[in-house]
Amino acid sequence: MNRKQGILTSIFLAAASALAFFFIGSPFLNQNGQTANPFSNLTQSPESVSTLQNDIDFCIANPTPDCDQEMQQIPKFCEQNKDQNISFCSDPRIQTYLDQRGLTRPTINVGK
């Protein structure tokens, strides 16, 4: 009985190892004339990546609660990175958006 259990365990481990090697090794073995880098298909062109400027344009055209959160974060980001020259930090449309949506609230003195 013990020998039979050992054989079954060995077969199970061999099958699991074969599957693991297959799934790990198959991308490297089946490149079909691709470049040597297996991750080359992960690169994106700059046109396909959404930029913050595109997000600002979209939010101004279509205000949503998600846009509200994103637009509220931009002034905080710009304040933390004052020393860098970031183009969208000088965009007056951001403050206009925040004002029109009622998202600019005065700081309340909480007694600290």
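Guide: Helices (H or I, at least four residues) and strands (E, at least two) are DSSP runs, numbered from the N terminus. In this predicted model, local features need pLDDT of at least 70 and side-chain atom pairs pLDDT 80 or more, while totals for chains, interfaces and linings use all residues. Residues are numbered from 1 along each chain as its sequence is written, and side-chain values use heavy atoms, without hydrogens and water.

Visitor: What makes up the secondary structure of the protein?

Guide: Four helices and zero strands, in the order α-α-α-α from the N terminus.

Visitor: Why is D68 called buried?

Guide: Buried means under 20% relative accessible area, exposed over 50%, partly exposed in between (1.4 Å probe, protein chains only). D68 has 12%, so D68 is buried. D68 lies in helix α3, residues 65-80. Leaving aside neighbours within four places in sequence, D68 is in contact (heavy atoms within 4.5 Å) with Y97, R101 and L103.

Visitor: Why is the aromatic pair F77 and F88 called stacked?

Guide: Rings of Phe, Tyr and Trp (its six-membered ring) pair if their centres lie within 6.5 Å; planes under 30 degrees apart count as stacked, over 60 as edge-to-face and the rest as tilted. By this rule the count is one aromatic pair. F77 and F88 are 6.1 Å centre to centre with 25° between the planes, so the pair is stacked. F77 lies in helix α3 and F88 in the loop between α3 and α4 (92-100), so the pair ties together parts eleven residues apart in sequence.

Visitor: Is F77 buried, exposed or partly exposed, and which is F88?

Guide: F77, at 37%, is partly exposed, whereas F88, at 12%, is buried.
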